[in-house]
Amino acid sequence: MPKTYDAIIVGGGHNGLVCAAYLAKAGKKVLVLEKQHVLGGAASTDEPFPGFKFSLYSYVVSLFRPHIIRELDLPSHGLEIIPLECSFLPLPDGDSLCRWADPNLTRREIARFSQKDAEVYPEFGMAMMKMAYFVKRIIDAPAPDPLSNSPAELINLLRLGRYLSSFGPDVMYQQFKMLTMSAVDFLDEWFESDILKAPMSVSGIIGTFLGVRSPGTAYVLLHHYMGEIDGAFRAWGFAKGGTGGVSLACGSAARAFGAEIRTKAKVEKFIIKNGSCDGVVLENGEEIHAQSVFSCLDPHRTFFKMAGEEHFDDDFIRQLKRYKLRGSSGKVNLAVDRFPDFSCRPGDGAHVRGDIAIAPSIDYLERAYDEAKYGDFSRRPYINVVIPSLVDPSVAPPGKHVVSCFVQYAPYDIKEGPEHWPERKEAFGDAVVDTLAEYCPTLKDSILYRQIHTPWDMERDIGLTEGNIFQGELSLEQLLFLRPAVGWSRYRTPLKNLWVCGSAAHPGGGLMGSPGELAAKTYLGSLKGPQ
Amino acid sequence: MTNGRSSKKYDVIVIGAGHNGLTTAAFLAGRGRKVIVLEQRDVLGGLACSEEFHPGYRSPGVLHDTSSVRHGLIKSLNLASHGLSLDPEPPAIHAPVKDGNGLSLHHDAQKAAREIAKHSEHDAERYSEYRAFVDRVRGFVNGVFDESPPGLGTIDARTFWPVMKKGLGFRRLGKHDAVELFRIIPMSLADWLDEWFETDRLKTLLAAPAIRGAFVGPRSPGSAINLLLWECRKGPSVKGGPGALVTALEAAAGGAGAKIRTSARVKEIGISEGKVTGVTLDDGETIDGAVVAASVDPKTIFLKLLPVAAITEKFAQRIANYRAKGTTAKVDIALRQKIEVGGNAGSSVEYVRTGENLTQVEKAFDAVKYRLCSSTPVLDVCIPSASNRDFAPDGGSSLSVLVQYAPYDLEDGWGDRQRELLGQRVVETLADNIPGVKESVVGLRVLTPADLESHYGTSGGHPYHGDHAVDQLFVRPSPECARHTTPIGGLFLCGSGSFPGGGITCAPGALGARAILKHS
Amino acid sequence: MPVPTPFHSRTSECCTSLLYKDWAGYYAVRSYDTYPEREYFAIRHAAGLIDVTPLFKCEVYGAGAAAFLSQIMVRNIAKLKVGQVAYCCWCDGRGKVIDDGTVARIDDTYFRVTSNWPSVAWLSRFSRGVEVTIEDSTHNIGALAIQGPYSREVAKIVSDIDVGELGFFWTTPSRIDGVDVHISRTGYTGDLGYEIWVDKKYAVKVWDAVMSAGKGYGLLPAGLDAMDITRIEAGYLLNGVDYYNANHCIIESRKSTPYELGFGWMVKLKRGSFVGRDALVVEKSRGPQRLLVGLHIDWDEHAALFAEHGLPPEIASAAWRTSIPVYGESGEQIGYANSGTWSPILKKNLALATVKAPFGKEGSKLRFEVTVEYERRTVTATVVKKPFFDPERKRA
């Protein structure tokens, strides 16, 4: 049987496309199959209402690795990132807090709530920056495996150990604490004001089914400081034309390197013969063969649905079954006919041209979590609002705006059962709009169109099992050499010629591109000779 | 010292005569050191002190479980010769079930499995596997926690081998168990227990000791390791409870020549040129000594007993940040009648744990996040009078109840009314589980976390001198003093706020003593 | 965006150059004219009036205040008499300098600390168990510096007390045009001078009074560029330029000890413990590893290098703050200069440099990098005593 492709990539999300681009760049014959009509998966842009372009799910570009942008020359394929100018926290009592790029301005803002916190804030940034080097090392390379007996691994491990200890005991200790502490506990060590800590702490819970007081949530705080050491000042930003712009640029780069990309091509099953994955069968029955298959789907889909349990041993299956997906967030996109004024700080100035957090206190966030813990969406959720149309006129008609609300918590497993989400969907949308309207009184009247994505929708529409935006919770026991299963963090799978390249692989979810890049590089490396 | 009254000079001054302080004193006095122990209260034992809380009724101690006492230490201090004896095996624990027979968990794995089988065949089988797993990793885990931890980032030739040996021990566990151990560290109790079992009552019973002593609920990540530690340490209890242990330790220390003084509150630790010179008591008396072993909590030691400039601001900051807000209250109840638990007339159940399911426990935890008391608290009950007549008058019972959760910083502040309300809730919760309790109460002593702080001097009213969270377990209380030594020459830690943490294990006391012998 | 100081309505009227900079979040005039010469010479020959409001100020008061500050500062603050001001630095627990500034004993139990960085959070770290209140007052108080040989005459006219009696590094309450102020004989120019501290509500009134009193004495508003030249002539260091706040350093080597910065004279080791003492005892006995020294850069060599290309010697019109390498005789780099200036009054090219200790002896000949016609060259620089300019009148 002729092998028509070197590699088929199942799923045209940003990771799949990055992987495809790297493989094609290395001269491989690559085919990407995406079931939706647009590329991007969770990082896609669509125009469901005339004139308004919504970043359907993922809404800001945070950690997309700069070296991937350079190596794939993404700007020449249309990638443009517009930096966020401010982090804005409106408060119910009419007050508000803005954190700016200007340190003096930020200090004055914070000083209104705590003089001490205002002074310590830059020191905190410095300490975080120091530690971000550690994260960089982790996310820019395959995970070290402490259980392997191979001498190369041991040397690699020792090298990593030496690198870490070169930072000195202080940084190592902080690092250790960050990995295990809760975001709030960690921030408590530095700051006294709830008003400052609440919006900072939320970065630790995005996409996880944990509260800001749950241990293990501190680590993600570091991600906010990654931009600094990447040499990209203010790395967080909007992709021009919506987050899908990142995926489209990756897709365009992949095509330019010679990859073939098909949309509306839903894969039904992998073709497995003699313990080897030889290709895929599409929904319409078409069979496509390849040397290797790369899946950027989550582990449940990859191994249970596409491959089939029967091809794996019990231990592997047991590990995957307890792999936690647990989606916890929803997305509400609004098309509005005028700018939604915040009553605490009116006007469409710089303060709303960044991210806006509805997170007025730590107790508020914890209460939102408590509701979700017991199987309900939060009545007063944490909302991360962005209004990209203020800085990118291409996404809405003049004078009108797109309001994107990332909402937590919306647990997949509501107490009625996830299949009852469609009945609760509108109530969930109302809770979000009601919450936001407490800060923007004119919001409700200005809504032209409302789009709601519950975890149930995300599972059905873009194939994220349990609606988990990271394809698996980013908790320590599911990271590094444990992601997605012990011994299989290196993008290979127990099935010959089947590789994984999505967020379920190291270093995990988020708009980073790393799993795709590292999978491609590991695969290409393996072709050069035995490991 | 220039003080004229400084004729009293000791090799080692131990601050605090809790079980750890006494352990340190007994070890050092046994090695010929001239030791004095200073206790601020008029009785010895600290949180392990057995006290009369109602005429004729005694509590076993604020903490009541002695099944984690390190047995090697009982042998090396020869506590048997000082009157200490052990129960033949760890006690059974009972989980009452409304309108049912409840679940009694014997220490014997097979007996326990048979009992569990009445509720779930699946869980009976899984329980045997669970116990087998604990048995396989026990040696490694206890090996880690019975020795001082390696300093963070200071792995040099001297500490390389112990670390290497532990690393090899870890790998020798085999891939499966090693991965499991690694995986458990960040996990939540609920996730881990859900992987094993399906019976709610079994899960809450096992979870009870692991939610105590940290700001966690069963769904908080990092709570599973506390259960594993508990399971690995569990052994036969001390006959007569914590009080008997304290008596034996006192006899051992005294017998070896240590001087023990009560009502002697240390006001300040004297420092000169970065070294300890002795201590000053409340009444101004100074006692000289080149070594001070402090078994009180780290915040008290470093932020109250030392001059401000004696430690760097960074270190002070870390100690200030050390998390030690108690979530446990203690209620001692005097009952006029003997109580029977679980309908097993005749068998004397000594330990009872409440909590219907982990969701209920989690809800109990939610309250404390908002600085409130749980409306349905989870109780860990010890009935010392069941097997020992010293604790209650004939025909009566004494109940020692550890209550989760009660915040240290209660929203409205702790007053008599709040304390009373807490007592009522505990009695009502008990009555739901043990019929007849409510009518039989003759006396009640409620100790809120705020009371634990004011009575026993533990900062934040924390019964373990600081949260058992992953970061605070391995580096306890901070990297500067994680190995019982401190940046101040001659000052050592030997209390629950040092490695390997709180509970009646006496391990910090023993490791503290070892550090003193090594470094002075 | 910076905010205006309480004097902004007046300074902005005079600032025809529109040259401002952001000083600690305030609009601060760099120079009122396009070049700072006029303002510089006003300070050195007549009097200059500088808006120094952005300087951080912190009030420390309470029964324990004196003992508290003595625990933190390297000088024994408890020894200050009421009305006395001390210039000093403070360190972290490892003896690395956090900041430098003045501590004024306004009352027995009331102190005012000035600093380059906000200091409330830092001071508060040591306040456990002490009866003391620490408050930032930066945004409540306007501060003006009158500096120059005729500053005393101006101050005498505006003040209701005899400013002539006020000694060097003393402060006193006073009234100006009916407004309560504090006047201290301090400054950052190395000249005779006074600083006036006033509630921001009355700031403009005080400015007007001072300006009108100064008419007969050539008083001119002066900007930061002029002050920068004078502070280098005076050998004063600037935190964030010549050295760094230890709390703001990512790497150890960026931190400095008082002995390295030439602050050793302030450090009083023979008293009770204070923050950083143990480390400073060690540092003193070992000796500093590097030294912050004054450099006199040979002008003739400088001019000769330019002459090789047929060019007149080039020099910046204001003080510079870029880092310039300093080499030993044999060509290896032994340090760097972080600020420097041409001194119009001394006619010398000056720099403040950090060099390895063995090269820091007075009279040492070093090589200083100069870029001439796109080429990197070096000229001789001699280590000289600071201050470069030290007029008698400063203390008299």
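Predicted model: local features only at pLDDT ≥ 70, side-chain atom pairs only at ≥ 80, totals over all residues.
I started with the contact, which takes 28 residues from chain A and 26 residues from chain B. I then looked up which helices of chain A take part: helix 6 (169-180) and helix 13 (362-373) each supply at least two residues of the side that touches chain B. Helix 6 of chain A gives the largest share of that side, six residues. I also sorted the chain A side by class and got 12 nonpolar, 10 charged and six polar residues.

Next I went through chain A as a whole. I found 17 helices and 18 strands in chain A. Along the principal axes, I have the C-alpha trace of chain A spanning about 70 × 55 × 45 Å. I see 57% of the 531 residues of chain A counted as buried. For contacts in chain A between residues at least 6 apart in sequence, I noted that 74% join residues at least 24 apart.

Last stop, chain C. I picked out an open sheet of five strands there, order 5-6-7-4-8, with antiparallel pairing. Its edge strands are strand 5 (85-91) and strand 8 (133-136) of chain C, each pairing on one side only. I zoomed in on strand 6 (residues 97-107) and strand 7 (residues 110-115) of chain C, an antiparallel pair over four bridges. Across from Ala104(C) I found Arg112(C), in strand 7 of chain C.

Key:
Residues numbered from 1 in each chain as written. Chains lettered and ligands numbered in written order. Buried ≥ 20, exposed ≤ 12 C-beta atoms within 10 Å, placed from the backbone. Contact = placed C-beta atoms within 7 Å. Nonpolar A, V, L, I, M, F, W, Y, C, P; charged D, E, K, R; others polar. Pairing = 2+ DSSP bridges.
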